[in-house]
Amino acid sequence: MIFSKKKQFEFQKNGFLIFRKIYSTKELSKLKKVSDKIIKLSIKKKVVSRNLDVRINLFNKNFSENIISNFINLAIKKKIVRFSEQLINSKLKIRYPYVIFTETSNQYWHQDSGFEGAIDRTKFPKNFSLKKWKSELPFSQIQFNIPLYDDSYLWVVPGSQTRKLKKTEKNILNHSLKTKKLALKRMENRININLKAGDCLMYHPLIIHARHSIEKTKRQTLHWYWVARKKYNPFYQNTPSLHKNTFNNLSNYLREMFYY
Ligand SMILES: O=C(O)CCC(=O)C(=O)O
């Protein structure tokens, strides 16, 4: 299915779009089973601890390759890939695939440009401008959240992804990083994203966003981050690769989207 120019415009303006019911009930229950297995296994292997960690990175090489490839094959339906490709006007390449499974943890107001401190800028190509990259439209990066349970953890500030930030917004972003206080209510124009199990939220990584749950509900959400395949990807330096066997077990159209 191709969606309308109106939807694309909406994405560019607001920085997010919600697609309802991406998975059938049967697909959802299969995904929950595999996701439960991955969570159990990661706790057993001490890849994460229930109390401290909030996410499992599926690139972790401690996992049995079959679980991970089964999960990716089930989760990344062609339909989702096509939607994302339309939004960023490019084929996709993976940056990070996570399952977020916490019930309790908050995440402060931020934009996903945090690589700036962690990456060696001298490795950027000469013609790459970070400033231009941040405001380009269509943007060459996209994230999506697909909750396996009803999920209202995410808050966003629509339209904040490409415009100049207000001083108050900058203050909250900086302040919250320093003091580790979420200050949810101080962010003007925030909205809460309400997703039902199996819906899909696609969003611009630079939209101001935070995780804060008002009701502590069970959470298992697929949180995936993609970049445009042929464009320069400033994150490339720290994008991990899949185990070769996991890679080989993926469907053909998925293989083009992962590194190994
Ligand atoms: O928990 C979420 O839904 C969002 C996660 C997030 O914002 C991030 O990893 O940058």
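Which residues is Ile-100 in contact with, leaving aside its neighbours within four places in sequence? In this predicted model, the contacts of Ile-100 are Val-54, Arg-55, Arg-219, Thr-221 and His-223, a contact being a pair of residues whose C-beta atoms, placed from the backbone, lie within 7 Å. Local features were taken at pLDDT of at least 70 and side-chain atom pairs only at pLDDT 80 or more, whereas totals for chains, interfaces and linings use all residues of the predicted model. Residues are numbered from 1 along each chain as its sequence is written.

The chain contains nine helices and 10 strands; these are DSSP runs numbered from the N terminus, with helices (H or I) of at least four residues and strands (E) of at least two. The radius of gyration of the chain is 18 Å, which agrees with the value near 18 Å for a compact globule of 260 residues; the radius is taken over C-alpha atoms, and the globule rule is 2.2 Å times the number of residues to the power 0.38. Along the principal axes, the C-alpha atoms fill a box of roughly 50 × 45 × 40 Å. Of the contacts between residues at least 6 apart in sequence, 85% join residues at least 24 apart. Buried residues account for 31% of the 260 residues, where buried denotes 20 or more other C-beta atoms within 10 Å of the residue's own, exposed 12 or fewer, and partly exposed a count in between, with C-beta atoms placed from the backbone.

An open sheet is formed by four strands in the order 4-9-6-7, with antiparallel pairing. Its edges are strand 4 (107–110) and strand 7 (191–192), each of which pairs on one side only; pairing requires at least two DSSP bridges between two strands. Strand 6 (residues 154–157) and strand 9 (residues 208–211) run antiparallel and are joined by four bridges, and Leu-154 stands opposite Arg-211 of strand 9.

Leu-154 and Arg-211 also belong to the shell around the ligand, together with Ile-100, Gln-107, Asp-112, Asn-145, Tyr-153, His-209, Thr-221 and His-223; membership requires a C-beta atom, placed from the backbone, within 6 Å of the molecule. Strand 9 and strand 10 (221–228) each supply at least two residues of this shell. Ile-100 itself lies in strand 3 (residues 92–100) and is buried, with 20 other C-beta atoms within 10 Å. The C-alpha atoms of Ile-100 and Arg-55 are 4.2 Å apart, although the two residues are separated by 45 positions in sequence.

Strand 8 (residues 200–203) directs Cys-200 and Met-202 one way and Leu-201 and Tyr-203 the other, all four being buried. Strand 8 is antiparallel to strand 1 (residues 16–19), to which four bridges join it, and Cys-200 is the bridge partner of Phe-19. Three bridges join strand 8 to strand 5 (residues 141–147), again in antiparallel fashion, with Tyr-203 as the bridge partner of Gln-143. Tyr-203 counts as buried because 24 C-beta neighbours lie inside 10 Å. Not counting residues up to four places away in sequence, Tyr-203 touches Gly-15, Phe-16, Gln-143 and Val-156.

The largest nonpolar core comprises 52 residues, among which Phe-16, Val-99, Phe-144, Val-156, Leu-201, Met-202 and Ile-207 touch the most other members; such a core is a set of buried Ala, Val, Leu, Ile, Met, Phe, Trp, Tyr and Cys residues joined through C-beta atoms within 7 Å. Beyond its neighbours within four places in sequence, Phe-144 is in contact with Ile-80, Ser-84, Cys-200, Leu-201, Met-202 and Trp-224.

Terms used. Two residues are in contact if their C-beta atoms, placed from the backbone, lie within 7 Å.
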